[in-house]
Amino acid sequence: MHETTMKFLALAALAVLFSPVLCQAMDGAPVSSAISAPATTKLPFAEAGTLYKADRASLLIDDSADGVKETDVWSRIRSGYAIPDVDNQLVAKHVTWYATRPDYIARTTARASHYLFHVVQELEKRGMPTELALLPFIESAFNPQAFSSANAAGMWQFVPGTGRDFNLKQTMFKDDRRGVVASTDAALTYLQKLYGMFGDWQLALAAYNWGEGSVQKAIKKNQSLGKPTDFESLAELMPAETRNYVPKLQAVKNIIANPSQYGITLPLIDNQPYFTTVDKTSDIDLTIAAQLAELSVAEFKALNPQFKRPVITGNNKTQILLPKENAAKFNLNLAQWGHALSTWTTLKITGARERIETLASRFGTTADVLRQANNIPQKTRLRAGSTILVPKTSASLNVDISNEIADNATMLFEADRPERKHASGRPIKLGKGHRQLTAPIALVKARVGRGGARAASKSLKHRSG
């Protein structure tokens, strides 16, 4: 016992030597800027990650009764704090904002409880600071369905172009920017790339919000003036949103470090996976998947927000997330299911002006059902070449939607205006010089880079707080 205790003490001493920020965070107090690494300290990502992993390993040894073991995800996050602190008036302002809204904190942390274990686990695998797990607090309030005026979507708020740059598929059937696993992987990969560019986590975070090009220009401007290029020195060149971005994360970091100091109670999040993945190789209605898993549709969507249509198309890469106990129920119920798993198929529109009401009549349903299933706006009609979901018939009952259609189908609309007629009832033909108002409604937005989109406005994305 004595030998084991001495071993742990020696390792703990090394942790204190190499990572003072880490150790203070474990005490549960807000990290003091007086003992933080200076903001200008820069390590190559691989070197910093190796040191960080070594520190965590020394703190997590549990080979005896004297060992240290984290009991929940919050303590795990605290023990991995590694980004130098910001301590200024903006931080104090945001700490006050969050601390005076316990109901908001409660809602956000309740949502976060589904995702945090996975995010922290992925950060640790990459040797990244664990306070980055709190970034969705700032981006989306941990709402994977969050959508901004700049078309940023999901928990990590990717705009379409940046999402595609990091392999997040955006099709008629799903948007991986909202997917918990896919978007987390993309966000951490992007943050790693930014840290590799700037060698500084605060600047990497600023670039995540403002765009790497904007941060590079700000750095060059300060360099030309002989000024420092750390985050706080560049802040005056940043838009208000970015200037507040790192202080907001610092505010949340301070509160999570010592919630009782701010009168906040955090929900217990067990230090174990909340969900597991289930492969799906055939089409299944979203409502049927939820039923088989014995979950409400809302609970199912909370873990699978990427699916945009009432049917989940099946192929060798489709996965759904389920709480561990519900995954077992899903597989058992699926084996005993004696009905069709999917009630939807697709139809390609070939007519120039196909009306929703006509299609509904053909497939024995209502226009409202078709509009809701396909997200078709009111007072619009489909343009030729569009692909639409329609109820299955007996001929298509056992036919799945092909991968080609699932990946490439598009839908375009135009304004649905009544046809103008003469008093006799004959249609009025418009002359060549007449400008017909049938502007298409854009369903697939233009590709916009994160930097360009963010630089266009001071409030480009959904922000909570």
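K379 lies in the loop that runs between α19 (367-374) and β7, where helices (H or I, at least four residues) and strands (E, at least two) are DSSP runs numbered from the N terminus. The model is a predicted one, in which local features need pLDDT of at least 70 and side-chain atom pairs count only at pLDDT 80 or more, whereas totals for chains, interfaces and linings use all residues. Residues are numbered from 1 along each chain as its sequence is written, and side-chain values use heavy atoms, with hydrogens and water left out.

Phi of K379 is near 60°, a positive value in a residue other than glycine, and K379 counts as exposed because its relative accessibility is 69%; buried here means under 20% relative accessible area, exposed over 50%, and partly exposed in between (1.4 Å probe, protein chains only). E294, likewise not a glycine, has a positive phi of about 60° and is found in the loop between α15 (286-292) and α16 (297-303). With a relative accessible area of 47%, E294 is partly exposed.

R381 is placed in strand β7 (residues 380-383) and counts as buried, because its relative accessibility is 7%. The C-alpha atoms of R381 and I356 are 6.5 Å apart in space, while the two residues are 25 apart in sequence. In helix α7 (residues 116-126), Q121 is partly exposed, with a relative accessible area of 28%; the C-alpha to C-alpha separation of Q121 and Q272 is 9.6 Å, across 151 residues of sequence.

The chain as a whole contains 21 helices and nine strands, and buried residues make up 50% of its 465 residues. Of the contacts (heavy atoms within 4.5 Å) in the chain with a separation of 6 or more, 72% are accounted for by residues 24 or more positions apart.

In soluble globular proteins, nonpolar side chains tend to be buried together. A nonpolar core is taken as a set of buried Ala, Val, Leu, Ile, Met, Phe, Trp, Tyr and Cys residues joined through side-chain atoms within 4.5 Å. The largest such core has 71 residues, and those with the most contacts inside it are I77, Y98, L116, W156, F158, L205 and Y208. Helix α10 (residues 180-198) supplies the largest share of this core, nine residues. When residues up to four places away in sequence are not counted, I77 touches L116, V120, T130, E131, A133 and L134. A second, separate core of 22 residues includes V311, L359, F363 and I388.

Two cavities of 30 Å³ or more are held by the structure, a cavity being a set of points, on a 1 Å grid over the protein atoms alone, where a 1.4 Å probe fits but cannot get out, with lining residues having an atom within 4 Å of a point. About 60 Å³ of space lies in the largest cavity, and its lining comprises I83, P84, V86, E131, Q202, L205, V246, L249, Q250 and K253. The elements that give two or more residues to this lining are α11 (201-210) and α14 (240-257), with α14 providing the largest share, four residues. The lining residues divide into six nonpolar, two polar and two charged.

How values were computed:
1 Å grid on protein atoms, 1.4 Å probe; cavity = no way out; pocket = protein on both sides within 12 Å on 5 of 7 lines; lining within 4 Å. Points joined across faces, edges and corners; volume = space filled by probe spheres on them. Nonpolar A, V, L, I, M, F, W, Y, C, P; charged D, E, K, R; others polar.
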